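Please open the structure in a viewer and keep the selection panel at hand.

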Amino acid sequence: MNAVPQRPARIIAPFIGSLSLLAAVLATPCLASSYGTTVRQPAPSTVKVNLSEWKVQLTPARVPPGPVVFEVTNTGTIPHAFEVEGGGLEKSTPQMQPGATVTLKLDLRAGSYETYCPVGKDSHKMLGMLNHLMVGDAKRASTMNDQRKEHEEHEKGEAYEAGHEMVMGHEMAMEHPEHDEHGGGAKSMRVAGGDPVIQILPGPFPFADSAAAVIRNRPPEQQADLNHKAQMGPYSNNVATISGDISLVAIDRGATGDSVSGVAQFTTQDGARWKLVMDRVQTKDIPFNPRFGGVIMGLFYHGASGVHTPLVPTIQSSLALWAYAHLYKNDHLVTDDAMVHVMLLSRTRRTSDWALDCWDCSNRPIEELQLQVTAAPGTPPFDAPGGFLFVNWEKSSGQRLSL
């Protein structure tokens, strides 16, 4: 019997082993792939956000694409919130009380994002609480966004020229000072008061309980002033029917350059004849409410809106302005620096007795024209009940004008 040669067997064995190892590797491509394509997530960028009346501060204002953690602190004196919008994303924090801090974690692509306070149906944003966060290469991101918009418009069958004109129009608005910060351009309105006319006299605010919840969140010095006015102030149901007329033209050019021109004449309950000539906007900050001055159109505020005093029900205004005026009583000059606040707002009073009858009046027709006149700080109050003049024209109108 011949012996079987052993050398070939020793050569074949390792070869078979190598084939087995290769087969095992090929049979588990996912395992090999997972080791070859591991990608580490970039460390999140941190942006510190300070909210106050009326600005949004971002530190830093530019970050790389990827995860971003916003550390948001309300350093103001009234409630605020924080919202990020852009690139198809829109996320916000809950409303924050003064002194509170919250975090908002987002994953952001390259581009420009609006960051603002959405409180008061964007009224805080209109008052200046708006900033921009740049993510990555802003120029490249802008080009990519334009290309994406062009593609989307093509897919929708829209004309590219129309979309391009809209983009160019926005860019031009940002370059010229006569346009406001939102690119809407200067706006003008002519307002005329309509009968009936009522004088509002000192008395208690009828929604003091509703206002109390808002007042509690204000600083102590504001609370004292608001509580005093809630008990006996110019926001009452103590009214008298009088006669008079008012007309004015107001121009809103954004942060600066507003103007107002108008005249109001009325005879108050005590028989005194008053004339008011408005010729200058008032841009000095109102105590506890900075940035309230000049002319603002389309503002949602008062009441529980988180904007200005809660001693007026929540309203929608097509016009709000703050001005200085020459004030005459019985044809004699009282002052050249009377402080004037005018609103064309949604109706707050019922027609039967002109009493305030809603805490939230923002969905009512805009037809009530309200005029409030007070003495300048450091000067004697007027010779009128409560030292102020407060008159409403209950069926009024405003007409937008072209400039």
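The stops below visit a histidine, a nonpolar core and a set of paired strands in a predicted model.

**First stop: His-326**

Select strand β17, residues 315-329, and find His-326 within it. Is His-326 buried or exposed? His-326 has a relative accessible area of 19% and counts as buried, because the cut-off for that term is under 20%. Next, display the side chains of Asp-279 and Asp-336. The side chain of His-326 makes a polar contact of 2.8 Å with that of Asp-279 and another of 2.7 Å with that of Asp-336. Beyond its neighbours up to four places away in sequence, His-326 also touches other residues, including Lys-275, Leu-276, Val-277 and Leu-333.

**Second stop: the nonpolar cores**

Select Val-49, Phe-70, Phe-82 and Tyr-301, which touch the most other members of the largest nonpolar core, a set of 37 residues. Among the elements that give two or more residues to this core are β1 (45-52), β4 (66-74), β17 and β18 (332-346). Apart from this core lies another, of 34 residues; Phe-266, Val-295, Val-340 and Ala-375 are among them. Returning to Tyr-301, show its contacts beyond four places in sequence, which include Phe-292, Pro-313, Trp-322 and Met-343.

Select residues 187-192, strand β10, together with strand β12, residues 239-252; the two pair in the antiparallel sense over 6 bridges. Lys-187 has Asp-252 of β12 as its bridge partner.

Technical notes: Residues numbered from 1 in each chain as written. Predicted model: local features only at pLDDT ≥ 70, side-chain atom pairs only at ≥ 80, totals over all residues. Heavy atoms only, no water. Helix = DSSP H or I, 4+ residues; strand = E, 2+ residues; numbered from the N terminus. Buried < 20%, exposed > 50% of the residue type's maximum accessible area, 1.4 Å probe, protein only. Polar contact = N/O pair within 3.5 Å; in protein donor to acceptor, adjacent residues only side chain to side chain. Contact = heavy atoms within 4.5 Å. Core = buried A, V, L, I, M, F, W, Y, C linked by side-chain atoms within 4.5 Å. Pairing = 2+ DSSP bridges.
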